[in-house]
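The following paragraphs go through a structure step by step. Please keep the sequence and the model at hand while reading.

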Amino acid sequence: MLYREAGDFKTSYHADNHTFPIKFDRIGFWVTLAIAFGIIPLVINDYWANAIFVPFLIYAIAAIGLNILTGYCGQVSLGTGGFMAVGAYACYKLMTGLDIYFASSGYTPGDGAMIPKGGETFEVTGQFLFFTIAQNAEWTVYILGQINPMIAVILAGFVTAFVGVLFGLPSLRIKGFYLAVATLAAQFFLVWMFNKISWFYNYSASGQINAPERFVGQIAVTGPNTEPWAQYMICLIFVAVCALIARNLTRGTTGRSWMAIRDMDIAAEIIGVNPLRAKLTAFAVSSFFIGISGALFFAVYLGAVEVGEAFGIQKSFLVLFMIIIGGLGSIFGSFAGAAFLVLLPVLLKVIGVDLLGWPTDLVAHFQLVIIGALIMFFLIKEPHGLAQLWRLAKEKLRLWPFPY
Amino acid sequence: MKRKTLAAMALGAAVAGSSAMADLVIPDLSYRTGPYAAGGTPFSDGYQDYFALLNARDGGIGGETIRVVECETGYNTEKGVECYEATKGEGALIYQPLSTGITYQLIPKATADEIPIHTMGYGRTSAANGEVFNWVFNYPANYWDAASVAVNYLLEENGGSLDGKTIALVYHNSAYGKEPIRTLEALSEMHGFELSQLAVDHPGQEQKSQWLQIRRERPDYVLMWGWGVMNQVAVQEAANINFPMENFIGNWWAGAEHDVTPAGMSANGYKSLNMNRVIDYPVLEEIKTMVHDAGDAAGDGSNLGSVLYVRGMYAAMLASEAIAKAQEIHGVADVTPAMVRDGMAALEMSEGRMEELGMAGIGPEFSVSCQNHGGSGEGIVQQWNASASTWEPLTDFITPDKSVIEPLIAEDSAAFASENNITPGCL
C-alpha cells in the first residue's frame, strides 16, 4: 500500500537517476540519516558507542571496501586484515609525527633545541617544507608535525590504497583461488612486517601502538577522554561519505567496468575495458576504504592495538564473511553483514548472560554454534545474502496486498 | 534433561540476580573459551571462589556482600573492551583482566574513568611507577622482575657467571611476550650471555621451526614467555628434540599443571617461575567446605588447588585486602573505586596477615606506596615432577636485580608520560 511506484512520477533525467527510485525508500533513507545524525548522538553512552555502534560502523566501511573488490570486481581477497593494519599503522605514524631517517653527514653540535625521537636525542637544525630537520652524530631525521587525526585517517587511506595496488599487481596474471592465496601472502607479510620493524611502533618495548589524545577543534576524538558521541560521529561521517562514494562509483563507468571484469574478463576486454586499469582501481579504492576502517579501528575504537591479535587472519575472514552473508555486490549488504556479525554476538550475550543468567563460557560456546548455524541457514536459503532477502521483501511489498 | 537443567539454571540465576543487588561489584573479565582457556578457567575459578568464600564466611568485606560480575573475553581485546564498558556501569571497583593486551586497552580508559586496575605479574611493566600510572598497579611482581629472577637463578646455578653462555627466549609474539626482551637485553650485556629471540605467533600451535632452530643452535638455556596452548606445545616440542628439561625455564604463566601433563613423563624436570607458592593452605579446605560443598563453586570445581587456581585466589585476596584497607582509611563500608585505589596504594602484605588469612607464605611480603606500585618483584623457581604430578619448589623467593629494572621503568614510564601529557605526581 505505502510501498509502491505508482504515482511516483519522474519528469527529469536527474529524478530518473535517483539512487532510490521509490519515494518511500528515499524517505526511509533520509529518516535513517536524520536519526543517525540527529538523535543517536544525543542519547548514546559509552557502552552503546564502544560495544555496538562504533564497531558496527567501522566494520561497515571495511565491508564496503572488500565488497568493491570482491563483490563488484570479482577479485577474492584474504588480505583485509593486513590492509587494515596498514591503515592503522599509517594513521599512528602520522598522528605521532612521521620520522624519516637518513645517514647523517657533516653534523656539528650547535645550539638548536634538543628533541627525543626513537629513543635517541636529536638537535633541531632546520626546516624543510612541513618537515623539521634534526640531526645527531649518526642520523639526520626529517620529522613531520603532528597531523590532525581526521586528515591522518584520510592519508592512511591513501597509503593503504598504494599498498593495495602493489599487492593487486599479481591479479593481472592470476585469478580466483590463486589470487586469494596471493592476497593471503599480503596478510601474513604485512602482519609480520609490523611486528618485525620497530620503526612502525616507534620503538616501544611492547610492540603495541597507542593512540595519543588528539583534537578536532576543541573536541577530543582519540584517546581515553573522547566522549562517546564524538567517537560515534567521527565514524558515522566517514561511513556516510564512504558509502556515498562507493554507491556512486559503482553506478558509474568505473563500477560498470569492474562488474564487466567480474562477469567475464575476456568479454570485458573485447568490449574495451582495460583490465589493468579496472583491476588496479578496484584494488586502490577497496584498499582506501579498508585503510580508513583500519585507521578508525585503531585510533577511535580500540586506542591500543597489537598487530597479530587485532589484524590477524581472523579479521580477513570476518570481513569476508560479512560480505558473503550481507550480499556480494551490494552496499546495503555490506551494512547488513557488518550488523549481523557485530550485533548478533552482543545480542546473544545479553540474552544468555544478562537475561537468562547462564554461565559465560556456555553462552560463548552457544554463540559460536548459533552464529555458525545461522550462517549456514542463510547461505542455503539465500545464497545471495541478506541484501537479496531485503530485495525480495521489497518486491513482495510492492505487490502487497494483491500478489499475483 | 539438559534443557531442564538449563531452564532451572536460568530461573535460579534470575532469582539470584534480582535479590542479590550487592554493594561491592567486582568484575571478572575471564576467558573460559578459546586457545587460552586452559589458563583462564582455573584462574577465574579461584578468583570467584575466594569472593564466594568471603561472602559465605564473613558476609563479604566489612559487612558488605560482594557481587562478582563475570564477562567472557576469550582473551580478545575487542571483547575485553566490550566487557569493560558493559561492567563499569554497574559500579566496578577493580579490574583484573588477566591479559596484557586487554590491559593496554584499559589503562587509558580506566584512568579516565578513575577505576583502578590490578595486573598481577602481567600488563604494562612500567606501571610500577605509581606517579605516572596513578590508577594501575602491578604488585607483587612484573615481567621485568621475572626476567631478572630467572637470570639470577641461572647465575646461582652457574656459580655467579653466565659469561659465554647462550640463552634462547621463546616468546609469544605479542605485547606480553615482548615485554621481557628489553630487560633480558640489558642483563645479557651486563652478564655477558648471548640472547637469541624466537617469536611464536598467536595462538602458538606452530612451533616446529623455532624448536628446529633451538636444536641446531643448542643454547645452554631456554626461557619461555608463553601462555595458553603455546606452553603445552613448547614442552612437547622440547621433549621431541630431547632438549634437557632442567635447562628449560618458563615464566610464571608457563608453569601450571595443564602445561606439562600433555607431554607425560617426558615433561619431567621442566622448570618454571612462580610468584605464589602452591601448598595445602587451610583456606583451600575452607573453600572446599563452605563454597564447593555448598554447590557454589565457579566452573566445575575440579581446579581447586591447582597452580593457577591458587593464583586467582591470591589475586582475589589482594583485591579484598585492598578493599578492606580502603574501608579502614575512609571509614565507610560501601567504598567507591577511588577509595579502593587509596586502599591499594596503602596495601601492606605481611607474613602475619597472610597466615591469618589461611595462606601463610603464599606470596612475598611487600608494601605498596604512591610511588611504587610494583611490590617486591620476588619469585620462586619450581620444577615439575611428572611421576608425582606435582610442582616442587626449588628455591625460596629470589630477589630481582632492581638496579637494572628501575632505570628501565623510569625510562618507559617517562616516555608514556610525555606521550600522554601526564605530569608525574601522586593523587
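Two strands are said to pair here if DSSP finds at least two bridges between them. By that criterion, strand β9 (residues 271–274) of chain B pairs with strand β12 (residues 380–385) of chain B: four bridges join them, and they run antiparallel. Within this pair, B:Ser272 has B:Gln382 in β12(B) as its bridge partner. The coordinates discussed here come from a predicted model.

β12(B) also pairs with β13(B), again in the antiparallel sense and over four bridges. One of the links is between B:Asn385 and its bridge partner in β13(B), B:Thr390. β12(B) and β13(B) form a hairpin with four residues between them, and in the turn B:Ser389 has a positive phi of about 55°.

These strands belong to an open sheet of seven strands in chain B, with the order β6-β5-β7-β8-β9-β12-β13 and mixed pairing. Which strands stand at the edges? They are β6 (194–200) and β13 (390–393) of chain B; each has a single partner strand, so one side of each is left without a neighbour in the sheet. From one strand to the next, the twist averages 30°. Helix α8 (residues 208–217) of chain B packs on this sheet, where it touches β5 (166–172), β6 and β7 of chain B. The direction of α8 makes about 160° with that of β6(B). A parallel part of the sheet is found where three bridges join strand β7 (residues 221–225) of chain B to strand β8 (residues 248–250) of chain B. There, B:Met224 stands opposite B:Gly250 in β8(B).

Chain B as a whole has 15 helices and 13 strands. Its C-alpha atoms fill a box of roughly 65 × 60 × 40 Å along the principal axes. For 427 residues, a compact globule would have a radius of gyration near 22 Å, and the 21 Å of chain B agrees with this.

Among the helices, α5 (residues 143–157) of chain B and α15 (residues 402–419) of chain B have axes that come within 10 Å and cross at roughly 155°. Angles over 145 degrees count as roughly antiparallel, which makes α5(B) roughly antiparallel to α15(B). The crossing is right-handed. B:Trp144, B:Asp145 and B:Ser148 in α5(B) meet B:Val404, B:Ile405 and B:Leu408 in α15(B). By class, this contact has four nonpolar residues, one polar and one charged.

α15 also takes part in the contact with the other chain. In total, 37 residues of chain B are in contact with 32 residues of chain A. On the chain B side, α1 (2–19), β2 (66–72), α3 (77–88), α4 (100–113), α6 (175–178) and α15 each supply at least two residues. α4(B) gives the most, with seven residues. The residues of this side divide into eleven nonpolar, 13 polar and 13 charged.

Chain A has an open sheet of five strands in the order β1-β5-β4-β3-β2, with antiparallel pairing. Its edges are β1 (99–103) and β2 (114–117) of chain A; each has a single partner strand, so one side of each lacks a neighbour in the sheet. Neighbouring strands are turned by 40° against each other on average, direction ignored. Inside this sheet, strand β4 (residues 131–135) of chain A and strand β5 (residues 139–144) of chain A pair over five bridges in the antiparallel sense. A:Ile133 has A:Tyr142 in β5(A) as its bridge partner.

Key:
Residues numbered from 1 in each chain as written. Chains lettered and ligands numbered in written order. Predicted model: local features only at pLDDT ≥ 70, side-chain atom pairs only at ≥ 80, totals over all residues. Axes fitted to C-alpha atoms, helices over the stretch in contact; angles between N-to-C directions. Parallel < 35°, antiparallel > 145°, perpendicular 65-115°, else oblique. Left-handed = near helix turned anticlockwise from the far one by under 90°. Contact = placed C-beta atoms within 7 Å. Nonpolar A, V, L, I, M, F, W, Y, C, P; charged D, E, K, R; others polar. Rg over C-alpha atoms; globule rule 2.2 N^0.38 Å.
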